[in-house]
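Hi,

Here is the model I promised to pass on. Have a look at it first, and my notes follow below.

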Amino acid sequence: MTGTSARLGFVLLLAPAALWLTLLIVIPHIDLFLVSLRERIGVGQYTTSFANYGTFLDEPLYLMTFARTAIMSVLATALTLLIGFPVAYYIAKLARGRTRSVLFLLCLVPFWVSELVRTFGWMILLRETGLVSSLLQWAGLAAGPVELLYNDAAIMVGLVYTSMLFMVVPLITTLDSLDDAVIEAGYDLGGSAPSILREIVIPHAMPGIVSGCIVVFMLSLGNYLTPIMLGGKDSLWFTELIYSQFILRFNWELGAAFGFVLLLLSSVIVWGTLRLTGQTLRETMG
Amino acid sequence: MTTAPKHLKLTVAATALLALAQPAAADTLRLLTWGGYAPEGVIEMFEAETGHTVEVTLSNNEEMIAKLRATGGGGFDLAQPSQDRIAGPQEEFGIYKPMDLSRIDAAQFIPSMLEATKDNTTVGGEVYGVPHVWGTSGLVLDTAKAGMVADYTDLCAPEVAGQVSYRLRRPTLIGFAFAMGMDPFAAYGDEAAYAEILEQVESKLIECKPNVKTYWGGGDELMNLVRSGEVVAAMAWDTGGWKLNEDNPDVTFVAPASGALGWVDTFVLPAKGQADDAAYAWINFVMQPEVAAMITEVAGNFTASKGADEFAPDALKAKYQASFTPEALDNIKWYPPVPAGLEAIEGGVLDRVKAAN
């Protein structure tokens, strides 16, 4: 009796998540996969083939765009980690009481406005007639208006800014669990600051680093707004290709194939990184 | 306590009767349209007169078709794509239903425009669209700084380097093709010839890319670029130029030497529309000259409504006459229906231009 009621409870508890996964993720993906296998052979006529995946491999532009998106995302992840780690370390280990809450809140505040507004904020700052350009001219550092928008650096700034929180939070959580006594012991045993960071802090924070990196990488790879708005004529982001196939070219078949390629390749990249750093998904997820 | 359910039953019965007695009395018209085509004032007048309610969704050509395709033509009762985007998508996806022309007051339309749109939107002997708003795209110039620009290809001139913007969409491909002395519309029926024309346009656009500040996406983005002075020459809609002209008299719309590109936005019924009565009522309502003039005032473009010009604001008429000499008006290249499948060729070209360095 207790066995069946426990199982019933388990099923009921699992039901919302299972329904959510099936209805909103599994079924649409199956449908999308079937769409990606259709090849248009005439007006309103389709046959089943892998032609759309062939198009992705044949046209160097699409491969190049994917490679560019992946490399930029990796770079954005690395930069976010570099900037986020000291911030997280300060909040978790050095700041106390009220300062700590305030600092944490400051990391959170930008996320109270929508991504669109945040990106517009950057456009106001960086455009040719914008704040930074005017300041530079006022300070005599630039002779004429400077265009800071519409290049890769602007995209990078936007991506790092957008994903900072998702790196800082898991880092704070793991660093919090590191006993201060362990660091003190490191010093007592004659360790220097760099060696303690290398031997104690980073290994301990590794699960946080890896989960933060995965989230930031996936967010950057799948970002649409930031690269389009800040990158302008040179943005060339893979999600943009998917959007234009679906909406502008009415070519759902190729767009669906692109979507699957993105899903597959990003999974491979994450899996590869986990293997490379000797982490497993189970450790990372706690 | 026993009376309460009785009351309830009575009310329910009464409501049901009312609903049966006036089936078309109060429909909700779900309108898929462009910004400015359904101003608040017009909606209020329509709702007061007919009792229907109007729900407006703003969109553009591509999104309209994508939305209707996703639902097989459902979710909306009336849509307004351009006339060149009706026959192709209808053949390919079957997202519209034929117009019942007897329910439309043809006398309110400018006859030549009505006939042209009917011709362009006929599939399998059935007419799918009637015209509403028309306009052109061409050049928006700061005449003080970019007076030398007379055609699309002049956007690639060194005088305006770094201060140019256009959209990376099909009108740009068509416009450049005309400016380079070719006729893309004549090649619509021949995919190979069309691809050849686009190949030349592609190399021109790639060569021109360093001149471009950015490819604009939305109208507001372009307005900002021109208002701030960052862009002095752009390819855009006529209304954009006229609106900017109000802020800065130097900026205006110029019809390019090779001809402005003319479009007509229409009314079509989505295949699974559920409020046809309200849809026909809306079409007949907004084509009245006075109402059409109200739309012209907000949207900035003229309509196919006969006699609405009289009610249009004088300032707009003056701008229109300044931009279009009689020769320029005759030289407008009207978009013919896009055959299904051409978008794929254009898409490849646009992707490669975007990717070029």
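Where in chain A does UniProt place the feature "transmembrane region"? The unreviewed entry puts it at residues 70-91, 103-125, 153-172, 208-230 and 250-274 of chain A. UniProt positions follow the numbering used here, feature names are shortened, and annotations may be inferred rather than shown by experiment.

Some housekeeping: this is a predicted model, where local features need pLDDT of at least 70, side-chain atom pairs count only at pLDDT 80 or more, and totals for chains, interfaces and linings use all residues. Residues are numbered from 1 along each chain as its sequence is written, while chains are lettered from A and ligands numbered from 1 in the order in which they are written.

Now chain A. Residues 70-91 are 100% helix and 0% strand, with end C-alpha atoms 30 Å apart. (Helices, H or I of at least four residues, and strands, E of at least two, are DSSP runs numbered from the N terminus.) Residues 103-125 of chain A come out at 74% helix and 0% strand, and there the end C-alpha atoms are 24 Å apart.

Helix 3 (residues 60-94) of chain A packs against helix 9 (residues 193-221) of chain A at about 140 degrees, axes 9 Å apart. Axes are lines fitted to C-alpha atoms, for helices over the stretch in contact, and angles run from 0 to 180 degrees between N-to-C directions. That makes the pair oblique (under 35 degrees is roughly parallel, over 145 roughly antiparallel, 65 to 115 roughly perpendicular, and the rest oblique). Among the residues making the contact are A:Ser73 and A:Thr77 of helix 3 and A:Gly212 and A:Val216 of helix 9; two residues are in contact if their C-beta atoms, placed from the backbone, lie within 7 Å. By class, this contact has nine nonpolar, six polar and no charged residues. Ala, Val, Leu, Ile, Met, Phe, Trp, Tyr, Cys and Pro count as nonpolar, Asp, Glu, Lys and Arg as charged, and the others, Gly among them, as polar.

On to where the chains meet: 21 residues of chain B are in contact with 19 residues of chain A. On the chain B side, helix 3 (61-70), helix 4 and helix 14 (342-355) each give two or more residues, and helix 14 of chain B gives the most, with seven. That side of chain B has seven nonpolar, four polar and 10 charged residues.

Cheers
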